Amino acid sequence: MSDDIDRLDDQAFARWLAGHAGSALTALRASQGFADPRALKDAGDRASHELMLAALARYRPADEVLSEEQADSRQDFSTGDRPARLDADRVWIIDPLDGTREFSEEGRTDWAVHVALWERSAGPDGGLTAGAVGMPARTGADGDPLVLGTSEPTAPAADGPLRIAVSRSRPPAFVPQLIEELGAEAVPMGSAGVKVCAVVTGQADAYVHAGGQYEWDSAAPVAVALGAGMHASRIDGSPLRYNAANPRLPDLLVCRPEHAEQLLKAIDRFL
């Protein structure tokens with residue numbers, strides 16, 4: 001099995017790692033149960049983080065890693081010390097468990113595992129070159145746990161009002177007004193990765209977020225969305241940049257490309 005993984009290209013490896021961590025989280029959920037949600041959240045974060053770091057150290061030992069669960073993950077390195085990732089050519093940006101609240105609630109399927117690769121050679125500021133979002137509590141057409149990568153087909157456009165995926169617990173303050181102005185429908189769900197993937201699969205037309213995220217929240221979902229031909233940017237239309245000295249990347253718009261101009265103009269009125 002090790003030899004098979006050694007031969008995987010970066011995109012196939014990202015899919016494998018997202019699926020591998022997802023399987024471990026599913027097993028943990030089944031064995032630990034839901035009686036103590038906080039303990040389950042903590043155990044899930046820790047187990048997936050450790051598993052993913054071990055796999056990256058084994059199969060991609062020359063690469064750097066930015067993980068939500070690292071002790072200094074949220075530190076702004078714009079001045080002072082520089083972490084090794086800022087001078088690296090390849091950095092894996094991972095969220096071992098996106099949607100911990102949903103993970104800790106029995107019956108919920110809207111949680112995910114994020115794996116993305118940033119490479120310096122991909123543009124003036126580097127860029128995402130591989131990505132996968134694992135949704136272990138959901139199944140694909142083949143009956144296996146669902147993992148989306150960067151080669152997903154572009155979902156067909158849907159008739160009817162615009163459907164905007166929003167956080168079920170912390171939607172941005174202006175989003176209800178945005179939805180009303182556009183005559184849109186809100187589609188509440190959990191994990192940021194699940195919301196972006198809802199756009200990719202055609203369950204929603206857009207995902208709008210403002211008010212606080214970090215690179216690991218969006219890197220893998222954005223890689224998947226861009227691969228499927230979707231628009232992805234900051235809510236002011238500026239590019240999303242990864243492996244920055246400050247990992248905070250607080251807002252995000254992912255949508256079908258034909259809706260991007262309309263949404264950006266509407267959002268601008270609330271900024």
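Leu 97 lies in strand β2. Strands (E, at least two residues) and helices (H or I, at least four) are DSSP runs, numbered from the N terminus. This is a predicted model, in which local features need pLDDT of at least 70, side-chain atom pairs count only at pLDDT 80 or more, and totals for chains, interfaces and linings use all residues. Residues are numbered from 1 along each chain as its sequence is written, and side-chain values use heavy atoms, with hydrogens and water left out.

View 1. Leu 97 counts as buried because its relative accessibility is 2%. Buried means under 20% relative accessible area, exposed over 50%, and partly exposed in between (1.4 Å probe, protein chains only). Not counting residues up to four places away in sequence, Leu 97 touches Leu 25, Lys 41, Gly 44, Asp 45, Glu 68, Phe 103, Trp 111 and Ala 112. Contact means heavy atoms within 4.5 Å.

**View 2. The residues of the UniProt "binding site" annotation.** The unreviewed UniProt entry lists Glu 68, Asp 95, Leu 97, Asp 98 and Asp 217. They are spread over 150 residues of sequence, yet cluster in space, with a largest C-alpha distance of 9.7 Å. UniProt positions follow the numbering used here, feature names are shortened, and annotations may be inferred rather than shown by experiment.

**View 3. Glu 68 in the loop between β1 (64-67) and β2 (90-98).** Glu 68 counts as buried because its relative accessibility is 16%. Leaving aside neighbours within four places in sequence, its contacts include Arg 74, Asp 95, Leu 97 and Trp 216.

**View 4. Lys 41 in helix α3 (residues 37-59).** Lys 41 is buried yet has no salt bridge. A salt bridge is a side-chain nitrogen of Lys or Arg within 4 Å of a carboxyl oxygen of Asp or Glu. The nearest side chain of opposite charge, Glu 105, is 6.8 Å away. Lys and Arg count as positive, Asp and Glu as negative; His and the chain ends are not counted. Lys 41 touches Leu 97, Thr 100, Arg 101 and Ser 104, not counting residues up to four places away in sequence.

**View 5. An open sheet of five strands.** The order is β7-β6-β8-β10-β9, with mixed pairing. Two strands pair if DSSP finds at least two bridges between them. Edge strands β7 (185-189) and β9 (231-233) each have a single partner, so one side of each lacks a neighbour in the sheet. Strands β8 (residues 206-209) and β10 (residues 252-255) run antiparallel, joined by four bridges. His 209 stands opposite Leu 252 in β10.
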